[in-house]
Every structure is written in C-alpha cells, then in structure tokens.
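Okay everyone, have a look at the screen.

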Amino acid sequence: VWIVETDVRPVVVKRFLSGRCGHEFEALLQAKQAGLNVPYPLHIASDYLVTEYLEGESCDILINHMFSIEAADGIGRWLALFHQKLGDGINRKLMADAVLSNFILHEGSVYGLDLEDSCLGDPLDDVGRAAASILGSEPFFTPIKFDLCHRMIASYSEASNSDIMQAVRPFVSKHIRIDASRKPLFRRTFMAAARSLERQWPELA
C-alpha cells in the first residue's frame, strides 16, 4: 500500500496479490453508494486499486494506546450500518476482517478501510472478530479492554436495535482461539480467555 501525491490530492494505491482487486473495488463502490463511511474507489488497473486518501488516526492506536470510547462506539455503529445496508435477502454482507487496524477515525466518524475479504455470512461473526481484536491486542484482556469491547457491542446493539451481548459471546471466543494460533508466546493466555468466554462474560468487565 502506498500514499501517492497527485496534482489534485493524495490517493492510496494498493497492490493485490490475492487476485481480489476487482472484488474490493466493487465492495467499496457498493458501500459508498449505500452511504457508508468508506474511501471512494477511484480507479482499478490489473492488480492495483486506487482510492481516495482519508487522513485520520488508526483505531488500533486509539483503542490500544488511548483507550478511546469514541473509536469503540464508532466501530460498533459502523458494523451495524454495514450489515443493515448491504446483503442479499436474508444473508448480510460481512467485512470479514473487522480488526482494529482496518478502521480509522476521520473527522469525528469511523471509516472502514479494507473490504478485500468481504462476503455473505452471519453479522455476529464480524462483531466477534472486532471484539476479539479489541481484547486480544496489547494490553491483553484487561478490565478497560473488556469495557471498550462491551461499549462496541452495545453500540452495535443500539444501532441495529437488537441486544446481541450474549449471542455474540461464542463468536468472540471463536476468534480469540483463532488468534491464539498466531501468538504462540501468549497461546495459553488466549485459550484460557476463550474458554472463559464460552461460559460467560467476566465480572470484571
């Protein structure tokens, strides 16, 4: 991914090795036409996608270093709107890679950046992925992280008019288990957290 200066404005150029350049272009265009906060897709050529550049702070930094309630709430609202506005009949479109680094805070609103892996599925899987990303980023599984996780889920529930706090718990556990395989030094900690979440939310949250 490169940020390229042009005569008019900076743009983002992304090269795809996955063969899904066209898929992301169409997904971004569909999301933009639905009124969602995503970068506007400007051009596609071979394995290269050009989108508008949005200046903002990564939600990865905002949540893991600044413990931003605004970022957590915004991710929940963004996912709820994404699921409401995009899909095919009873099937809803998922972001599918709803990790903190794929969201930014731009001019007071959260934007989703990466729709390369978007697909149809269960919206709770997206929320579970986002929750696991909050909990499983350093500092791991602390009370303030559980609070931010709950705020994100509550924001989704409010925006979607559905209480998912308990229903999403198995999906959070699932994604923490997946993340455990990528973090061998912390595997025991992650697996213990996943097992605990299969039973209930911890009281410290």
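So, helix α6, residues 169–180, packs against helix α7, residues 187–199, and keep in mind this is a predicted model. The angle between them is about 165 degrees, and their axes sit 8 Å apart. Anything over 145 degrees counts as roughly antiparallel, so that's what α6 and α7 are to each other. And if you're wondering about the hand of the crossing, it's left-handed for α6 and α7.

Who's touching whom? On the α6 side you've got R169, V172, S173, I176, R177, D179 and A180. They meet R187, F190, M191, A194, R195, L197, E198 and R199 in α7. What kinds of residues make up that contact of α6 with α7? It's 7 nonpolar, 7 charged, and 1 polar.

Okay, on to the pocket. The largest one holds about 400 Å³ of space. There are 20 residues lining that largest pocket, and the ones nearest its centre are V1, V12, P39, T51 and L113.

Which elements supply at least two residues each to that lining? From the strands, that's β1 (2–4), β2 (11–15), β4 (48–52) and β5 (57–58), and then there's helix α1 (21–33). β4 gives the most, with 3 residues in the lining of the largest pocket.

Key: Residues numbered from 1 in each chain as written. Predicted model: local features only at pLDDT ≥ 70, side-chain atom pairs only at ≥ 80, totals over all residues. Heavy atoms only, no water. Axes fitted to C-alpha atoms, helices over the stretch in contact; angles between N-to-C directions. Helix = DSSP H or I, 4+ residues; strand = E, 2+ residues; numbered from the N terminus. Parallel < 35°, antiparallel > 145°, perpendicular 65-115°, else oblique. Left-handed = near helix turned anticlockwise from the far one by under 90°. Contact = heavy atoms within 4.5 Å. Nonpolar A, V, L, I, M, F, W, Y, C, P; charged D, E, K, R; others polar. 1 Å grid on protein atoms, 1.4 Å probe; cavity = no way out; pocket = protein on both sides within 12 Å on 5 of 7 lines; lining within 4 Å. Points joined across faces, edges and corners; volume = space filled by probe spheres on them.
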